[in-house]
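Here is a brief report on charged side-chain pairs. The structure comes first, the report after it.

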Amino acid sequence: MKLSDTELVSIGGTPGGGQESQPNKPSGTSLPELLPILGLSDIVVFPGMVVPLVVASARGIRLIDNVVAGDRFVALVLQKEATIEDPGPDQLWRVGCLSRVARMLKFPDNTVRVLVEGLRRIRILSFESQEPYLQGKYEVLKEVSEDSLEVVALVRNLRDRFAEVIDLSPALVEQVKVAVMNIEDPGRLADLVAANLNLSLEERQRLLEAVNVKDRLRLLLPLVSRELEVLKLGSKIQKEVSSSMSKSQRDYFLREQLRAIQRELGEGESGSEIENLQELINKAELPEEPRKVAQRELDRLRQIPPAVAEYTVIRNYLDWIVNLPWSKSTRDKLDIDAAERLLNKHHYGLEKVKERLLEYLAVLKLKGQIRGPILCLVGPPGVGKTSLARSVADALGRKFVRISLGGMRDEAEIRGHRRTYVGALPGRIMQSLRRVEVNNPVMLLDELDKIGSDFRGDPAAALLEVLDPEQNSAFIDHYIDLPFDLSGVLFITTANWLDPIHPALRDRLEVIEIPSYTLEEKVQIARRHLVPKQREEHGLPPRLFALPVTTLRCLIRDYTREAGVRQLDRELAAIMRKIARRQSTSRASRSPKVIRPADLASLLGPAKFLPEKAEAKLECGIATGLAWTPFGGEILYIEATRMPGSGKLTLTGSLGDVMKESAQAALSYLRSQATALGLPEIQIEKQEIHIHVPAGATPKDGPSAGLTIAAALASLFSQRPISPHIAMTGEISLRGRVLPVGGIKEKVLAAARAGIKELILPGPNKKDWNEVPPEVRCKLKVHFVDRISDAIALVLGSPRSVESRRDGHPNRRSKPVRKSPRQPAAVPTRTS
């Protein structure tokens with residue numbers, strides 16, 4: 001319930017004043033056992049107080065209708081929270097006022113306005129019912145009064161001070177003063193003063209709950225003294241303002257004369273513009289140094305005619321200073337559970353990123369203020385890096401701004417241009433802060449690895465200060481030329497590669513890897529996010545058709561080849577367009593349809609990608625390797641052959657320098673350790689070795705193919721084939737060691753997708769095994785090796801076992817490792 005726009009107060013006096021009026025007490029009327037209870041949001045009603053109320057809720061209107069139709073008694077109780085429309089028992093104070101509804105009027109806007117009169121203090125004992133409105137048992141509180149000299153002194157002091165308040169306050173009418181002078185009862189006098197004094201709701205409630213009159217007077221007297229001091233101070237300020245008006249009027253006349261002179265000189269109406277700037281500077285919450293600079297530039301502007309070019313330069317500079325959010329910020333939402341629910345709702349998987357963001361929230365909640373971390377989300381395209389940053393802003397309750405760094409080559413894009421240049425502007429950091437109007441947004445620096453450089457400078461060097469928590473608290477833009485605090489900004493950067501990023505800049509980033517999605521993760525993302533989004537965008541109701549999980553798996557496997565879900569989203573949009581086209585015809589069937597995997601060919605055409613399958617044929621000199629790409633993992637085949645020649649080693653297949661050196665190292669190791677490995681003597685001088693990696697149009701590089709090349713050469717020299725169901729990866733050294741590589745998760749996923757049964761991985765990569773999804777680990781046997789000789793023994797075995805493997809019965813190998821302690825995943829590199 002709200003107080004009406006026109007408040008009518010009649011406590012201890014009639015509207016005409018002079019004669020004291022007794023409140024309508026229910027002395028001759030028996031009180032009901034249960035009272036309807038009406039919650040008030042912005043007023044406390046005292047006994048003897050007559051006020052108009054506006055009732056807008058349906059429950060409140062029904063309560064008033066029943067009260068008016070009955071005995072007109074109602075309990076008015078203050079709410080603990082004003083924003084609740086229909087408060088429950090827990091949202092109400094227990095002490096209220098027994099009141100009588102004197103008048104009721106209904107208005108066309110579905111509201112009811114009532115005039116109520118407070119009668120007695122009551123305490124709610126219990127709430128007996130909540131429907132159709134609150135009703136409860138109560139007891140009438142009897143005032144405890146005494147005739148003592150202390151009470152007399154308190155009453156006299158209160159009456160004198162409140163009379164002074166009435167004299168100083170224009171809001172209190174003379175009738176209240178008359179009523180105060182004529183009331184003899186101390187309790188009613190205290191209620192009259194409390195009803196007309198400027199008090200908070202909590203203070204009014206405390207006075208209402210004070211049944212003892214002496215205690216009520218003691219509570220009220222300091223509040224009256226406080227109000228009196230405030231009014232005296234306001235009166236003093238008003239007098240000082242009035243005394244300064246003469247000087248202001250003199251200045252006004254002089255400025256008007258100055259404007260007239262300027263108009264005669266043809267200098268326009270620059271005076272009003274300068275005054276507007278002065279007003280903006282006064283209103284803006286500028287720190288000390290920016291305020292001094294702004295005032296100094298404004299004083300310069302007063303002396304410059306508007307026709308001069310420098311006038312516009314200074315005018316634009318001042319406009320930027322007063323519109324930057326120097327002190328404006330948004331309050332963070334520190335509900336960690338709600339933030340976790342929001343992140344889980346918008347993004348499937350990505351547990352590491354969510355965990356790191358929730359840790360940031362937890363520290364912020366405990367400490368109150370921390371320097372924002374510089375997060376760098378590294379992962380393939382389409383895995384949700386940009387949308388994740390937007391979800392972070394929603395979870396924190398902050399504004400979001402995105403700056404694309406792709407193709408940026410000018411350092412001034414970050415730091416801004418100096419004001420000496422024509423058309424100079426601040427950098428994009430300051431422009432974005434002005435646009436969002438707060439100094440602590442979530443700022444996404446997208447495509448950090450796509451920054452370029454030329455003769456105009458290197459933007460990456462300018463970002464060193466922006467992305468350093470130790471320095472960005474005093475970031476200086478060349479145009480603004482004032483220190484601006486960026487420590488409140490939560491910077492999130494994204495990149496597909498770490499290699500192109502400047503090492504000094506990379507050192508400032510907290511890198512969080514976002515791996516490519518597995519097949520099951522893509523299915524869940526499609527079911528939870530992509531399909532509902534495409535249905536809504538194409539106006540298709542959910543009951544019109546269904547996409548089973550089997551269809552989604554077939555769509556992902558045969559029509560997409562990516563680490564993320566962008567191509568999947570496009571293919572789903574194509575399906576929705578086909579369905580929308582069919583539904584728009586007059587012959588469209590309205591019955592629900594289930595789209596089967598066999599229907600995809602008619603909707604999208606033939607399959608675009610053939611499933612990767614390991615070769616089933618056993619041949620000497622062929623080994624299966626694993627590669628990492630920005631789009632996920634792949635399998636590749638290393639083919640080796642020999643022919644008579646002069647000892648030449650030929651490498652083909654668009655191989656990079658590092659991969660060529662790995663082939664040289666593998667050949668040198670096998671030649672030096674042929675006897676120990678059980679290989680025949682390698683006479684390289686009388687033959688040529690040719691190593692080829694298929695898909696020759698695709699560039700390949702990296703050291704992780706070294707182990708696969710060594711295995712292929714060992715198979716060639718020993719004439720013992722390697723099982724096509726075994727794949728391997730690892731860097732090698734001339735001493736025969738197998739060194740760790742990156743991208744283990746993506747490579748293992750590619751192996752499982754291609755039907756590989758066993759893996760050979762470097763021993764140091766045991767820590768990465770637990771990063772592989774459990775549903776993939778259970779399908780594979782993995783061997784961790786530290787020496788090349790161990791890997792060759794695994795893939796070749798002994799010569800006696802060759803025939804058994806040709807018949808499809810591989811020899812027994814070492815026991816596979818299925819689990820290893822959880823460790824952070826190795827950083828993927830561009831390896832084949």
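The report below covers the salt bridges of this predicted model.

## Overall count

The model is predicted. It holds 33 salt bridges. Side chains of opposite charge can pair when their charged atoms come close.

## Strand to strand: R123 and E139

R123 and E139 form a salt bridge, with N to O at 3.0 Å. R123 sits in strand β6 (residues 112-129) and E139 in strand β7 (residues 135-140), so the contact ties together parts 16 residues apart in sequence.

R123 is partly exposed at 30% relative accessibility. E139 is partly exposed too, at 32%.

## Helix α6 to helix α4: R216 and D191

R216 pairs with D191 in a salt bridge, 3.2 Å from N to O. R216 belongs to helix α6 (residues 213-265) and D191 to helix α4 (residues 186-196), so this pair links parts 25 residues apart in sequence.

R216 is buried, with a relative accessible area of 1%. D191 is buried as well, at 2%.

## Helix α6 to helix α5: R226 and E203

R226 and E203 also form a salt bridge, their closest N and O atoms 3.0 Å apart. R226 lies in helix α6 and E203 in helix α5 (residues 201-209), so the pair ties together parts 23 residues apart in sequence.

Here the two ends fall into separate classes. R226 is partly exposed, at 38% relative accessible area, whereas E203 is buried, at 12%.

Salt bridges with shared partners join R121, E143, D191 and R216 into one network.

Key:
Residues numbered from 1 in each chain as written. Predicted model: local features only at pLDDT ≥ 70, side-chain atom pairs only at ≥ 80, totals over all residues. Heavy atoms only, no water. Salt bridge = Lys/Arg side-chain N within 4 Å of Asp/Glu carboxyl O. Helix = DSSP H or I, 4+ residues; strand = E, 2+ residues; numbered from the N terminus. Buried < 20%, exposed > 50% of the residue type's maximum accessible area, 1.4 Å probe, protein only.
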